[in-house]
Amino acid sequence: MTDPGLLRFLELVARELSASDARVELGGRDPEDPRFVFRTAPTGARVVVVFDAPPPDRAAVEQRLETMVDTLYGGMTEQSPSSSPPRTPPDVAGRRLDDELGRLSDRAGAAGALVFDLASPIIWGSSRSPADRDELYQSVIDCVREAHSELRQQHTARLRVNESTECLARPFAGLYVVALAFNGDISEPVALGAMMHAMPAIERFVLALPPVDPPPGGKIVRMPARLR
């Protein structure tokens with residue numbers, strides 16, 4: 001079965017590089033046509049971008065493609081697909097979730113990353129920042145909840161939060177949502193690749209967290225502070 005996230009990534013690569021097509025190949029010879037630019041990922045898959053004519057600045061295109069592919073496939077070989085990851089103890093899952101969201105925010109070039117759910121005001125995890133992000137995160141949560149009908153499991157939606165902020169939101173495991181907030185331009189291929197890369201760890205850490213009964217009313221309710 002074709003991964004819809006991968007198809008979306010290829011569409012974004014073609015658009016970002018102003019190419020006529022993008023595809024993934026397994027096996028066979030590397031393309032020799034000067035209209036093709038490709039990058040072989042650590043998994044052995046080859047991402048091929050097709051242009052109508054040879055790109056004038058081939059080195060720049062290759063560099064941009066390498067960044068996108070490395071973001072998408074980076075870390076996939078760190079864990080053997082034939083073995084299940086060890087269960088994360090609840091007392092460290094929250095800390096690791098925050099750490100993973102911090103890395104996701106950095107890789108995606110975002111102002112912040114967070115995980116919340118659609119049934120309570122709880123933020124289950126967020127990237128740390130020296131600046132107070134509560135106002136930004138609340139705006140993202142409100143926007144995603146208003147657009148909940150546009151969300152589909154294992155799909156990423158791009159939403160306009162306000163005049164200066166956009167977000168990428170991806171629901172998972174029922175009512176949970178991971179969101180990236182941006183205060184400027186978004187490179188969708190890089191951001192989507194970073195999100196797809198981070199999702200297995202994020203889902204594992206969220207599901208390892210202990211249940212919390214949120215208090216009635218109120219806006220953002222953060223999880224208790226985690227010891228470093």
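Me: How many residues lie between S4 and S5 in the hairpin that they form?

Reply: In this predicted model, the hairpin of S4 and S5 has four residues between the two strands. Strand S4 covers residues 112-117, and its pairing with S5 is antiparallel, over three bridges. Within that pairing, Phe 116 is placed opposite Ile 123 of S5.

Me: Which residues of helix H4 are buried?

Reply: The general idea is that an α-helix has 3.6 residues a turn, so residues three or four places apart point the same way. In H4 the buried residues are Leu 136, Tyr 137, Gln 138, Val 140, Ile 141, Cys 143 and Val 144. The helix comprises 13 residues, 134-146, and from first C-alpha to last it reaches 18 Å, close to the 18 Å expected at 1.5 Å a residue.

Me: Which residues have the most contacts inside the largest nonpolar core?

Reply: Leu 104, Val 115, Val 178, Leu 180 and Ile 202 have the most contacts inside this core, which has 28 residues. At least two core residues come from each of helix H3 (90-108), S4, S5, strand S7 (166-172), strand S8 (176-182) and H5. Helix H5 gives the most, with 10 residues.

Me: With which residues is Leu 104 in contact, leaving aside its neighbours within four places in sequence?

Reply: Beyond those neighbours, Leu 104 is in contact with Ala 113, Val 178, Leu 180, Ala 194, Met 195, Ala 198 and Ile 202. Val 178, Leu 180 and Ile 202 are also among the residues with the most contacts inside the core.

Me: Why does Ala 208 count as buried?

Reply: Buried means under 20% relative accessible area. Ala 208 has 4% relative accessibility and therefore counts as buried. This residue lies in helix H5, residues 188-208. The C-alpha atoms of Ala 208 and Ala 93 are 6.1 Å apart, although 115 residues separate the two along the chain.

Me: What is the order of elements from the N terminus on?

Reply: The elements run α-β-β-β-α-α-β-β-α-β-β-β-α-β, with five helices and nine strands in the chain. Of the contacts between residues at least 6 apart in sequence, 60% join residues at least 24 apart. Of the 228 residues, 46% count as buried. The accessible surface comes to about 12200 Å², and carbon and sulfur atoms account for 50% of that area.

Note on methods:
Residues numbered from 1 in each chain as written. Predicted model: local features only at pLDDT ≥ 70, side-chain atom pairs only at ≥ 80, totals over all residues. Heavy atoms only, no water. Pairing = 2+ DSSP bridges. Expected span 1.5 Å × (residues − 1). Buried < 20%, exposed > 50% of the residue type's maximum accessible area, 1.4 Å probe, protein only. Contact = heavy atoms within 4.5 Å. Areas by Shrake-Rupley, 256 points an atom, 1.4 Å probe, with all protein chains shown as cover. Core = buried A, V, L, I, M, F, W, Y, C linked by side-chain atoms within 4.5 Å.
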